[in-house]
Amino acid sequence: MSASPHCAYARRASVKRLTGVSSTAGTRTFLGAMKETCMLCAPVDLRTDTLDSPLCIGSRSPEFAWRLPAGSEAQAAYQVQVTAGDGSAAGEPAWDSGRVTGTEPFGVTYEGTSLMSCRHYGWRVRVWSGTEQDPGPWSEYASFETGVLDPERWAARWVSGPAPAAKTDYRVLYLRATVDLPAPVVRGRAYVSALGWYRFFVNGHDLTGPALVPRWTPFDQYVEYQAYDVTEAFRAGGNVVSMAVGDGRFRGANGLTGKQAVYGDRTAGLVQVHLDLEDGSTVTVVSDGSWQVGTGRIRAADPMFGERVDLRVPDEDWLTSYALPARFGPAEVLDDRRTLIAEDVPAVCEIERLSPRTISRASSGRQIVDFGQNFAGVVRIRLPAGPGTTVRLTHSEVLRKDGELDIDYIHGLPVNRWYQRDELLLGDEATWWSPWFTIHGFRYVEVDGLPGDLSAQDIEGIVLSSTLPDAGGFDCSDQRLVRLRRNVSWSLRSNFTDTPTDCPTRERSGWTGDIQVFAPTSTTFVDVQAYLRRYLRNLAAEQLPDGRVPVFVPAEVSSFSGGMAKLMRMVAQSAGWGDAAVLLPWTLYRYYGDRSVLERQYPSMTAWVDQLTRRAREKRRINRRLRGSANPDVDPFLLDTGFHFGEWLRPGQGFAASILDSMRHSPVTATAYFEHSARTLSDIATVLGRDADATRYRELADHTRSAWRAAFLHDDGRVGTDRQDDYVRALAFGLLEHDERPAAVDRLVALIEEADDHLATGFLSTPMLLPVLVDAGRPDVAWRLLLQTTTPSWLYQVEQGATTVWETWNGYNTKGEAKESHNHYAFGAVVGFLTEYVAGLSPAEPGYRVFDVCPLVGGGLTSARAEVQTPYGAASSSWVASESKVTLEVTVPPGSTARVHTGTGNPPQELRSGTHTVVWPRAEKRGQG
């Protein structure tokens with residue numbers, strides 16, 4: 001599918017003519033040499049289900065993807081071969097696709113013999129170009145391994161300790177077993193899970209690290225398991241297999257209320273190990289009644305509340321000693337038959353270490369460590385000997401004016417607890433310590449009770465995030481914008497840990513509205529394809545039977561804790577939030593060409609739109625009911641009942657004001673999203689070849705558009721409640737006719753100017769504000785908003801020293817006291833504008849098969865550059881502007897086409913694979929600011 005460019009210059013002719021579009025001689029020479037040497041290069045970057053050499057594929061029909069090296073000719077056909085066994089040509093043939101005509105180096109589904117559980121496979125690919133009769137060389141072999149594909153192969157049981165009598169008994173489980181092996185191991189795999197977060201060990205080797213697994217899922221429906229290569233960890237003779245299990249998301253505090261034991265009050269572990277020995281025998285080790293359970297140095301561990309640790313308790317005996325510690329006894333096998341699924345995204349890991357910027361003493365005498373950066377993670381600290389001495393580590397994003405740690409700012413009401421505190425009893429020896437089963441959002445750590453002063457060498461910040469490959473970058477001549485993007489990157493990394501969350505401090509919930517607006521921007525930072533696929537699988541699993549979507553995913557409910565409360569069912573109909581069911585899959589299709597996610601999520605999408613349709617048809621607001629008369633062309637398509645968050649958190653609106661406003665004015669927003677999702681669903685049905693559905697949803701969208709116009713487009717041209725977001729939404733969603741758009745743009749600009757060149761939009765419309773202005777021919781206004789430095793604005797936060805994005809525009813009240821989260825990515829969606837408009841690099845067809853390059857030169861910038869790792873390879877746009885000309889360099893990956901729009905009145909220039917330079921005279925007056 002093609003799409004018209006969203007560039008103002010591509011949509012309106014300029015009086016200037018293009019006088020210079022050329023590839024430099026050097027570029028031509030380089031491309032010529034590359035063509036000779038690389039036109040039939042072997043494919044590289046082979047991935048299975050978007051992952052590099054995964055150990056645990058849970059599907060019998062995985063997808064293959066690859067890229068062609070720079071300089072290659074475009075792919076016209078491909079051949080994939082899969083072998084079972086040693087992952088080479090010598091393996092047992094499993095599938096040979098033969099020559100298949102196809103230009104996409106991704107989305108190729110395995111169609112060979114049925115894959116076997118716990119088996120190693122290798123695969124390779126070669127391609128034909130459009131000009132060659134013979135194929136290019138084979139790629140190197142890539143590998144993947146299957147997990148436990150057959151449920152009956154699970155022999156392991158969930159093992160636990162004594163049932164807790166109360167929440168004060170929520171202890172960390174320590175589990176272990178011993179294994180005697182007659183010979184060395186030549187291949188070993190462990191499949192491990194837990195009800196809670198776990199760490200898994202073999203002979204003291206930590207196989208898990210800070211992964212915080214299993215990830216949060218709807219635990220009633222399924223629990224993820226992980227696979228580990230344990231070949232080197234086992235040895236001939238005696239071995240100790242052990243694991244520790246903390247509360248994690250299963251029993252730990254979740255959500256705004258910090259409710260514990262949502263999914264159950266008994267944590268448990270599950271282990272199944274398959275070992276091939278040097279003597280040809282095989283050994284299977286499973287968790288069962290022979291395992292032992294006991295206590296350890298971690299007394300309690302909660303994701304929010306932190307850890308309580310007694311360092312006097314030894315750690316070595318349960319990990320490495322073949323003899324059973326006296327504090328261990330028989331484990332209890334739980335009668336629990338939960339569905340297990342393979343983890344299909346990279347785990348959380350340590351991505352960086354931060355040294356303290358400063359260490360100081362507050363007036364209270366407590367030491368304050370400032371890492372200079374807000375982030376999600378934990379600390380690693382050197383602790384002295386001091387048996388029985390209590391040390392407390394309290395984490396926060398901000399300080400009070402008096403230099404003390406602020407522990408009250410994040411709560412809506414005063415409370416007497418703080419989420420993020422670790423407490424330790426020192427032991428007999430000095431040691432380095434870091435928590436295992438918690439994660440904090442913080443910049444500052446208050447250290448209380450530690451004898452002596454900390455030095456910078458005694459403590460470091462461990463940054464934790466999901467291992468998502470970098471997929472894009474941005475730079476420009478205005479370092480404030482570079483800092484803004486860096487802040488957004490930190491907020492993304494902080495909240496892309498377990499599941500996409502709103503903040504790493506307070507509720508840590510997977511709000512659908514936040515990820516719906518931020519997902520397109522996230523693709524310009526990291527590869528989120530598998531990560532968001534997983535989120536959507538959870539969304540579909542917890543979607544209500546009538547099609548409503550919980551406002552956060554996972555929904556933080558289970559049968560154990562009584563199911564979904566009436567209030568949560570009510571808000572599950574919120575427009576803009578539940579529309580993530582439709583708009584997130586469409587984002588993955590636009591940016592990754594991902595058809596399979598459209599197929600998989602199609603029932604979820606239709607369920608959401610169909611319930612909107614029923615609600616609009618069957619329910620009317622009381623004022624319409626009292627009116628008596630009905631309009632059959634309007635009433636059945638207006639969405640004016642039910643709760644909607646609406647345009648959440650406009651500048652100056654707190655939580656309470658936002659809710660009151662949405663209760664009064666939500667229909668204009670809700671009906672617009674109804675139309676938008678119905679039309680998007682029609683497009684999706686077209687992609688999938690569901691023609692009858694495409695027609696039905698397109699007609700629904702047309703009727704809803706007409707109803708919206710009748711109800712909310714006033715005779716004088718004003719829209720809705722005449723606020724900025726009303727016009728942004730109307731323009732972005734195409735709710736206005738062509739001849740109505742200029743007046744709407746003028747009114748939007750007038751509202752911005754009345755606000756002294758400030759925005760007044762909230763969560764839903766802010767990401768669309770600047771694009772709408774540029775597309776409407778007002779980049780001058782877009783620049784003024786982007787570069788505004790007084791609140792509300794993005795650069796206000798930057799100039800106030802923010803290192804992440806705040807939840808609210810101000811971040812502080814009029815007294816200078818911090819309020820709400822200081823690490824939210826939602827308003828950071830603006831940086832997608834930097835890549836797609838300022839640098840001008842955006843997909844025109846799914847997966848960047850065709851992409852637009854439409855640089856927005858202005859705003860006082862003299863240069864800008866962006867790069868994105870597309871499914872075809874690296875694409876980039878880089879421009880430098882002088883007083884007289886603009887010089888643009890564009891890199892196009894093999895198989896893609898770039899359409900370069902210069903705003904000079906000429907048609908777009910189409911560029912094929914390679915690096916090209918385009919030069920044009922700089923217009924003196926373009927209204928760019």
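Biologist: Is Val271 buried or exposed?

Modeller: Val271 counts as buried, because its relative accessibility is 0%. Buried means under 20% relative accessible area, exposed over 50%, and partly exposed in between, with a 1.4 Å probe and protein chains only. Please note that this is a predicted model, in which local features need pLDDT of at least 70 and side-chain atom pairs count only at pLDDT 80 or more, while totals for chains, interfaces and linings use all residues. Residues are numbered from 1 along each chain as its sequence is written, and side-chain values use heavy atoms, with hydrogens and water left out.

Biologist: Where does Val271 lie, and what does Val271 touch?

Modeller: Val271 is part of strand 16, residues 268–277. Helices (H or I, at least four residues) and strands (E, at least two) are DSSP runs, numbered from the N terminus. Leaving out residues up to four places away in sequence, Val271 touches Ala156, Tyr191, Val192, Phe200, Val241, Met243, Val285, Val286, Ser287 and Trp291. Contact here means heavy atoms within 4.5 Å. The C-alpha atom of Val271 is also 7.8 Å from that of Arg157, a residue 114 places away along the chain.

Biologist: Moving on to the nonpolar cores, how many residues has the largest one?

Modeller: The largest nonpolar core has 141 residues, and Trp708 and Leu786 have the most contacts inside it. Such a core is a set of buried Ala, Val, Leu, Ile, Met, Phe, Trp, Tyr and Cys residues joined through side-chain atoms within 4.5 Å. Beyond its neighbours within four places in sequence, Leu786 contacts Leu481, Leu770, Trp794, Leu795, Val830, Phe833 and Leu834. Another core, of 41 residues, lies apart from the largest one and includes Val172, Ala301, Phe371 and Ile439.

Biologist: And helix 6: why is it described as largely enclosed?

Modeller: Helix 6 (residues 512–522) is largely enclosed by the rest of the structure because 10 of its 11 residues are buried. Among the buried residues are Asp514, Gln516 and Phe518. The elements covering them include helix 5 (479–495), helix 7, helix 9, helix 12 (655–687), helix 16 (766–775) and helix 19 (831–838).

Biologist: What does Asn538 contact?

Modeller: Asn538 is in helix 7 and is buried, at 0% relative accessibility. Setting aside neighbours within four places in sequence, Asn538 contacts Trp216, Thr217, Pro218, Tyr222, Val553 and Pro554.

Biologist: Let us turn to charges. How many salt bridges are there in the whole structure?

Modeller: A search finds 64 salt bridges, each being a side-chain nitrogen of Lys or Arg within 4 Å of a carboxyl oxygen of Asp or Glu. One of them joins Asp594 to Arg533, at 2.8 Å from N to O. Asp594 is in the loop between helix 9 (580–592) and helix 10 (595–618) and Arg533 in helix 7 (residues 529–542), so the pair ties together parts 61 residues apart in sequence. Asp594 is buried at 3% relative accessible area, and Arg533 is buried at 12%.

Biologist: Which residue pairs with Asp716?

Modeller: Asp716 forms a salt bridge with Arg718, with the closest N and O atoms 3.9 Å apart. Asp716 is exposed, at 58% relative accessible area, whereas Arg718 is partly exposed, at 34%.

Biologist: Which peptide bonds are cis?

Modeller: Two examples can be given here. The bond joining Val213 and Pro214 is cis, with omega about 0°, and Pro214 is in the loop between strand 13 (205–206) and strand 14 (223–229). The bond from Thr791 to Pro792 is cis too, with omega near 0°; Pro792 is in the loop between helix 17 (779–786) and helix 18 (794–799).

Biologist: And what is phi at Ala261?

Modeller: Phi of Ala261 is near 55°, a positive value in a residue other than glycine. Most residues other than glycine have a negative phi. Ala261 is in the loop between helix 3 (248–251) and strand 16, and is buried at 8% relative accessible area.
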